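Biologist: I would like to go through this model with you step by step. Could we begin with the sequence and the coordinates in view?

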Amino acid sequence: MGIGIGELKSMLERYRKSNVSIASHSIGDADFIGSAIALAEYIPNSKIIVQDKISANVERILKQNGILLKTDSSLGNPDLIILLDVNNFQNCGTLQTELSKTKKSILIIDHHHPKAEERENVITFDQEEYSSTCNIVYSVLKELGFKLTQKSAEMLLIGMVSDSAELINSTPKTFMHVSEILDYTKTDYADIVEEISYNLNSKEREEIISDICSSSKENISGILILYGESKLPAHISADFAVKAGADIALFYSYYKEEISISARMRHSTEKKRKIHLGEIMGKCAHAINGTGGGHSCAAGAYGPKKEGYKDFVKEFKEMVSATAAVL
Ligand SMILES: [Mn+2]
């Protein structure tokens, strides 16, 4: 069942004193963590669920802000499950099975289409007029008259700015909320942008440039794909490759005993081709015996089977080429 902001407000009010588990897609990003921290402040008996890991960049941001985030890896036995920044169970990594089976009430708060799980126990707030989940959570907490701490408001701001690619993919609400929080926290916008950027030193930037130069480049029906190894975390090379001109970038790096693969895509490519990287990464993840998922333009996968990367790329390219063929 779909609801509007008024119903979302009364639902949160109703569950304020309840036990709530707040979860999200696999490899939580700044939008999930920002909105989860703010919501957890409103609902004291809540816990934030991270089923696998949060992105390296968000870990760094938390550390820089001195936020020690307490998380749990399983849903437990809550009165309500809130899913933030995701509108289906497939993208929820290892939580997928549990979410599909549970009879507990699930509230989805998201800003992505196409939507969404249609089940008896699922209530959905999913509106694209918000450019991030942080914008939705900010709106509803404002409606509730809840005063956030400075730190939580800043985390919401970071989520809003990073999810909108520094306000490029924005709506009128994005600008209104960002300006209100900047005013409330007395933060400089430039500091926030710097905080979410990677802060790379010259050696690291040299590595990125060399990884992008030595990556494979293929043009599939007008879509320029770059793929290869990244010595830094893969999402950094993928981000830079898109900034350098790739339509889609797919990079891998080794992380402990795993291979971690990141995909990024230009927003104009998403609009023209209707490609959803999160779905594709989820489908290809079996090649590395792992899991994958994420957003339409930013997604990841990881798994233990390092030698599966070639098969992963092959399938990935086939799926991209299949979407192009439909046009
Ligand atoms: Mn988001």
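Biologist: In what order do the six strands of the open sheet stand?

Modeller: This is a predicted model, in which local features need pLDDT of at least 70 and side-chain atom pairs count only at pLDDT 80 or more, while totals for chains, interfaces and linings use all residues. Residues are numbered from 1 along each chain as its sequence is written. Helices (H or I, at least four residues) and strands (E, at least two) are DSSP runs numbered from the N terminus, and two strands pair if DSSP finds at least two bridges between them. With mixed pairing, the open sheet has the order β7-β8-β9-β10-β12-β11.

Biologist: Which strands stand at the edges of this sheet?

Modeller: Neighbouring strands of the sheet are turned by 15 degrees against each other on average, direction ignored; here axes are lines fitted to C-alpha atoms, for helices over the stretch in contact, and angles run from 0 to 180 degrees between N-to-C directions. Two strands have a single partner each, so one side of each is left without a neighbour in the sheet, and these are β7 (216-220) and β11 (291-294).

Biologist: Which residue of β8 stands opposite serine 216?

Modeller: Strand β8 covers residues 223-229 and pairs with β7 in the antiparallel sense over five bridges. Within β8, the residue opposite serine 216 is tyrosine 227.

Biologist: At about what angle does helix α12 run to β11?

Modeller: Helix α10 (residues 234-243) lies across β8, β9 (248-255), β10 (258-265) and β12 (298-303), and runs at about 20 degrees to β10. Contact here requires C-beta atoms, placed from the backbone, within 7 Å. Helix α12 (residues 277-284) lies across β10, β11 and β12, and its angle to β11 is about 175 degrees.

Biologist: How many residues of domain 1 are in contact with domain 2?

Modeller: The bounds, from an automatic or database domain assignment, are 5-196 for domain 1 and 202-326 for domain 2. The C-alpha centres of the two domains lie 25 Å apart. On the domain 2 side the contacts involve 11 residues, and on the domain 1 side the number is 11.

Biologist: Which residues does valine 137 touch, leaving out those up to four places away in sequence?

Modeller: A nonpolar core is a set of buried Ala, Val, Leu, Ile, Met, Phe, Trp, Tyr and Cys residues joined through C-beta atoms within 7 Å. In the largest, of 54 residues, Val137 is among those that touch the most other members, together with Ile22, Ile82, Leu156 and Leu157. Valine 137 itself touches Ser35, Ala38, Leu39, Ile109 and Leu156.

Biologist: Is isoleucine 27 buried or exposed?

Modeller: Isoleucine 27 is found in the loop between β1 (20-23) and α2 (30-42), and has a positive phi of about 50 degrees although it is not a glycine. With 29 other C-beta atoms within 10 Å, isoleucine 27 is buried.

Technical notes:
Two residues are in contact if their C-beta atoms, placed from the backbone, lie within 7 Å. A residue is buried if 20 or more other C-beta atoms lie within 10 Å of its own, exposed if 12 or fewer, and partly exposed in between; C-beta atoms are placed from the backbone.
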